[in-house]
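Me: I would like to go through the labels used for this model and see what each of them rests on. Please set each value against its definition.

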Amino acid sequence: MQNLTALSLKTEQGKLLVLDQTLLPHRQQWLNCSSVADMVGMIKKLQLRGAPAIGIGACLLLACRAEQGASREQLRADAEILRAARPTAVNLMNNIDSMLQALTEADYANAVVACAEALFIEDVALCQQMAGHGAALVQQGEQLLTHCNTGGLATAGVGTALGVINLAHQQGKNIRLWVDETRPLLQGGRLTAWECQQLGIPYQLICDNMAAMLMARGQVDRIFVGSDRIAANGDFANKVGTYALAVLAQYHQVPFYVVAPHTTVDLNCPDGSVIPIEQRDGDEVRGVSGAFGQTGLDKIIWAPENAPVFNPAFDVTPASLVTGWVLDTGVYSQQDIASGVLKQFA
């Protein structure tokens, strides 16, 4: 397998390395991922995160194992375990299905490697195409807002929503970006802020509950978010808190866009009500752990230790609240979606 490099993934001499995103922004540590158990653990711990990056990472691991001599049957079993590692992110399932098809080839090992490489290269291209379509919407001097992390850390390429924002910045549009911290795991505060500093994007970090004030003051011109799954009717799942932003955007008449590759479209989901929503550990809400606190303590708890917690990782935004869907194939309106334009991705 050729050496491939992304912001959060890379292959070197047949080995897969994953950047531990739980340690960012203060520490950059690459982890060796050599087994299915390693990959599943990294996905569940969010050491590897972002729907496109999860899918690509799982496929690269299968390619490494194929090169190391794993049998067709073992790779099939591995693929099924990986496919179930993150229930909401459909890119993982779509990519694994492509790898399962490659396993039917006579020379399955080379077919699996070629498929993983092609998926990586494809995602880089899809990100560039999304960035071009989305940046064309941004006007000179606009104040933008985003939620969670949708940059290079979450994809093989430049990202989805943050890729759009970065291209608008590179085009000299003199933008300013509001970055939601994104409770409870602070992907905006830790990851998007870090990427913005690396890219030179002018940004300010805000608590999630400050977005309404900014919209009321007229200080948000456009919102771009990512997605882990888009249903056939245009409803979409994204990091929890996205739905609240969409409601606020409609009330304040702020254009609201979802940015995702066509691989995020799931035509088997007729609407958002059937998108599975992952429930995560309550400790994520009761406090913080590991590098988050940066105090030398393993865990900081601010709530009662036995406080009951509701902790969905994602929420679903209905299509009626979306101004436009920015895909690699173009920008689609509500009328486009209602006419069944997403069916082209069947």
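Me: What makes Cys 148 count as buried or exposed?

Reply: This is a predicted model, in which local features need pLDDT of at least 70 and side-chain atom pairs count only at pLDDT 80 or more, while totals for chains, interfaces and linings use all residues. Residues are numbered from 1 along each chain as its sequence is written, and side-chain values use heavy atoms, with hydrogens and water left out. Buried means under 20% relative accessible area, exposed over 50%, and partly exposed in between, with a 1.4 Å probe and protein chains only. Cys 148 has a relative accessible area of 7%, and is therefore buried. Cys 148 lies in the loop between strand 4 (143-146) and helix 6, where helices (H or I, at least four residues) and strands (E, at least two) are DSSP runs numbered from the N terminus.

Me: Which value of phi does Cys 148 have?

Reply: Its phi is positive, about 65°, although Cys 148 is not a glycine. Most residues other than glycine have a negative phi.

Me: How do you know whether Thr 182 is buried or exposed?

Reply: The relative accessible area of Thr 182 is 0%, so Thr 182 is buried. Thr 182 is placed in the loop between strand 5 (176-180) and helix 7 (187-199), and a polar atom of its side chain lies 2.8 Å from the backbone nitrogen of Cys 148.

Me: What makes Gln 13 buried or exposed?

Reply: Gln 13 has 77% relative accessibility and therefore counts as exposed. Gln 13 lies in the loop between strand 1 (9-12) and strand 2, and has a positive phi of about 50° although it is not a glycine.

Me: Why are helix 1 and helix 2 called roughly antiparallel?

Reply: Angles under 35 degrees count as roughly parallel, over 145 as roughly antiparallel, 65 to 115 as roughly perpendicular and the rest as oblique. These angles run from 0 to 180 degrees between N-to-C directions, and the axes are lines fitted to C-alpha atoms, for helices over the stretch in contact. The axes of helix 1 (residues 36-44) and helix 2 (residues 51-67) come within 10 Å and cross at roughly 170°, so the two helices are roughly antiparallel to each other.

Me: Why are helix 5 and helix 6 called oblique?

Reply: The axes of helix 5 (residues 108-135) and helix 6 (residues 161-170) cross at roughly 60° and come within 8 Å, and the pair is therefore oblique.

Terms used
A polar contact is a pair of N or O atoms within 3.5 Å; within protein, one must be able to donate a hydrogen and the other to accept it, and residues adjacent in sequence count only if both atoms are side-chain atoms.
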